[in-house]
Amino acid sequence: MHNFVGREKEVELFRRALMGGPSAPSVIVLHGPGGIGKSALLQRYAVEASGAGRPVVTVDIRTTHPSPTAFAQAAAGALAQDDCVLLVDGFERCRDMEEWVRNRFLPRLPTGALVVFAGRVPPDPLWRADLGWSDLMEVVPLAELDWKHAEALLAGQGVDPAAHSELLGFAGGNPLALRLAAEVAAHGSTDGAVWAPSRTVVEQLLSHLVGELPSPAHRRALEICGHALDTTEDLLRVVLPDEDATELFAWLRQLPFVRSGRFGVYPHDVIRDSLDSDFRWRDPERYMAMHRALRRHLVERIRTAPEHEALRATGAYNYIISRAPWIRKFHGSRDEGGAYEDTARPEDAAELVQMAREIEGEQGAAVVEYWLGRQPEAFKVHRRHGSNELLGFMVWLRVESPDEATRRADPVTAEAWDAVSALAPPRQGEHIGVARFMVHRHTPHRPSRAWDLVHMRIIFELLRVRHCAWSCVVMADPGFWAPLMSYMDMFLLPGRSGRVPGLFCHDWRAVRVDEWADGIDTRLLGGPPEKPAEGPRGAGAALTREEADAAVRDALRNWLDRDALAVSPLLRFRIIESSAGPDAVTALQEVLDKAVQRLRANPRTSHLHSVLTSTFQSSSTQEAAARRLNMAFSTYRRHLARGIDEVRERVWLWETQGHVPD
């Protein structure tokens with residue numbers, strides 16, 4: 001057969017079945033999604049059978065009415081010939097008559113007949129339960145071609161080897177997608193641009209692999225499945241609150257091109273990419289609405305879930321914001337082995353220092369050794385699945401005013417602190433987060449599956465960490481990574497253009513998490529950034545802790561005076577609406593009210609709630625408030641001072657976290 005590649009194990013199984021013998025199957029069932037190569041393999045089987053001198057009868061249920069009478073007529077030749085090989089394609093259309101095929105038709109075949117069924121779905125479990133068939137049949141799920149055979153298929157189609165990587169990035173090992181992409185590539189060029197499938201390729205794939213859908217709700221569920229890393233019933237319920245999530249999830253999981261994994265269901269890569277690109281092109285507005293619903297859910301999980309669940313949500317978030325084709329160049333290839341993040345162990349220290357020496361030189365090794373002694377918890381190592389080989393590591397430092405020892409040991413981190421402090425210094429209780437090292441032995445400073453873990457950890461720290469004023473990412477090759485950094489709203493520090501390493505920064509007090517995520521959503525539909533991210537945005541001088549404490553006390557005193565609150569310094573807080581006028585004042589009153597109400601929820605501070613409300617939510621004097629509370633005035637004043645301190649502490653905590661709990 002021309003351009004048939006791979007499938008050595010499946011061909012060898014068929015040859016063994018042709019020869020017969022005690023362990024040879026008499027029925028082979030191939031199953032897999034559309035385009036995976038079932039029909040091509042049946043054609044290869046026909047050639048093998050003819051070469052062995054066996055008569056061959058083929059039945060294509062896609063062109064035959066799926067009824068016992070029609071099936072028997074189409075396969076009649078197999079009933080009349082000894083040692084016949086019966087090849088049946090499109091067997092998924094026989095689901096309603098599998099019992100008849102198993103119990104009525106197959107027993108009529110002559111001794112020595114060999115039958116191969118090929119369909120999109122696995123056979124009915126009753127085949128396995130029937131002891132008469134369990135020893136006579138072999139069920140073979142067809143997977144995608146591996147990278148070597150996929151490249152061989154492209155080469156056989158005459159594709160320029162320089163284009164293989166881009167085409168494989170889209171089609172993976174799906175033979176149909178590879179052939180369609182090869183046909184397009186043969187009439188164009190991928191030079192100088194990220195290759196993307198044409199609309200014709202996407203439409204043909206979706207038509208062949210997905211087909212008609214039962215309803216608009218099923219289409220929406222499939223669109224979510226094509227965009228999300230993993231889809232669960234819970235996720236469908238969040239994004240489609242008005243639909244039956246249980247029914248839709250049950251439908252998704254039985255689709256032949258959808259796999260079930262540890263964390264939910266997901267489509268084959270080429271189908272996932274085709275679904276997503278088609279939806280993005282077909283209905284950008286609804287695509288973005290779906291994306292934002294997913295994003296809000298995942299960001300909330302990152303910020304509130306236990307760490308292991310939050311890390312998983314971070315991977316899912318990083319996935320959905322990386323769906324634009326141009327971003328693929330910054331992520332690892334699908335043909336690489338998997339990697340996972342692990343906590344650095346004491347016994348890893350020597351290897352981490354040596355790895356830094358190989359990639360960063362003696363000075364880098366000395367800095368790594370210094371931080372291993374100061375912040376060992378900042379080190380996250382990356383290991384290969386299966387072998388646990390140490391692939392590399394990253395360091396996320398928490399820096400609070402570097403001392404002289406740190407300045408001598410790590411001038412780059414000290415420079416990052418000085419630079420952002422000159423722009424907008426961290427306040428008391430705040431720090432800067434620094435992604436200081438991203439060291440990988442096999443892929444230094446270039447994308448890989450291990451580097452994907454670096455991206456995940458950085459986003460986790462950006463969204464999860466509290467009291468972080470600035471985040472800084474130190475890049476050894478800033479020119480290569482600059483488009484991705486701009487996409488993530490990280491600007492290159494002024495004066496460092498062309499310098500190595502590059503320092504990319506973000507001020508979390510000027511651009512809050514929600515605004516940051518909204519900006520990424522907006523850029524998702526565009527191409528690569530045409531210009532670098534903007535520098536620090538003027539948000540007014542941030543209040544110091546002392547200024548904030550004084551402002552909270554004044555705001556409590558003026559709780560009922562909106563005119564006085566309208567000029568409160570607290571309106572410069574990022575947790576207060578930025579708009580001037582009544583809306584900002586209302587937001588300030590709500591924040592104060594929430595802080596005071598929290599006192600009542602804690603038995604330790606519940607008595608302070610009545611002291612504050614009696615004092616500040618009425619026009620009474622403090623003496624009158626003490627009498628109403630039946631307290632000695634000295635006790636009342638002590639409780640009042642403590643209550644104000646509790647509110648000041650809570651408001652400051654919310655401001656430095658950038659979030660007011662509901």
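Predicted model: local features only at pLDDT ≥ 70, side-chain atom pairs only at ≥ 80, totals over all residues.
Residues are numbered from 1 along each chain as its sequence is written, and side-chain values use heavy atoms, leaving out hydrogens and water. Local features need pLDDT of at least 70, side-chain atom pairs count only at pLDDT 80 or more, and totals for chains, interfaces and linings use all residues.

Helices (H or I, at least four residues) and strands (E, at least two) are DSSP runs, numbered from the N terminus. Two strands pair if DSSP finds at least two bridges between them. Strands of a sheet pair through backbone hydrogen bonds, either parallel or antiparallel.

Strand 1 (residues 27-31) is joined to strand 5 by five bridges. Here Val-27 stands opposite Met-137.

A second open sheet has seven strands in the order 8-9-10-11-12-14-13, and its pairing is mixed. Its edges are strand 8 (339-343) and strand 13 (491-492); each has a single partner strand, so one side of each lacks a neighbour in the sheet. Helix 21 (residues 449-464) packs on this sheet, touching strands 8, 9, 10, 11 and 12 (contact means heavy atoms within 4.5 Å). Strand 12 (residues 468-475) and strand 14 (residues 502-507) are antiparallel, paired over six bridges. Val-474 stands opposite Leu-503 in strand 14.

The structure holds four cavities of 30 Å³ or more. On a 1 Å grid over the protein atoms alone, a cavity is a set of points where a 1.4 Å probe fits but cannot get out; lining residues have an atom within 4 Å of a point. Grid points are joined across faces, edges and corners, and a volume is the space filled by probe spheres set on the points. The largest cavity has a volume of about 170 Å³. Among the residues closest to its centre are His-455 and Ile-459. Helix 21 gives the most to this lining, with four residues. The second largest cavity holds about 100 Å³ of space. Helix 21 and helix 29 (633-657) each give two or more residues to its lining.

Definitions and conventions
Axes fitted to C-alpha atoms, helices over the stretch in contact; angles between N-to-C directions. 1 Å grid on protein atoms, 1.4 Å probe; cavity = no way out; pocket = protein on both sides within 12 Å on 5 of 7 lines; lining within 4 Å.
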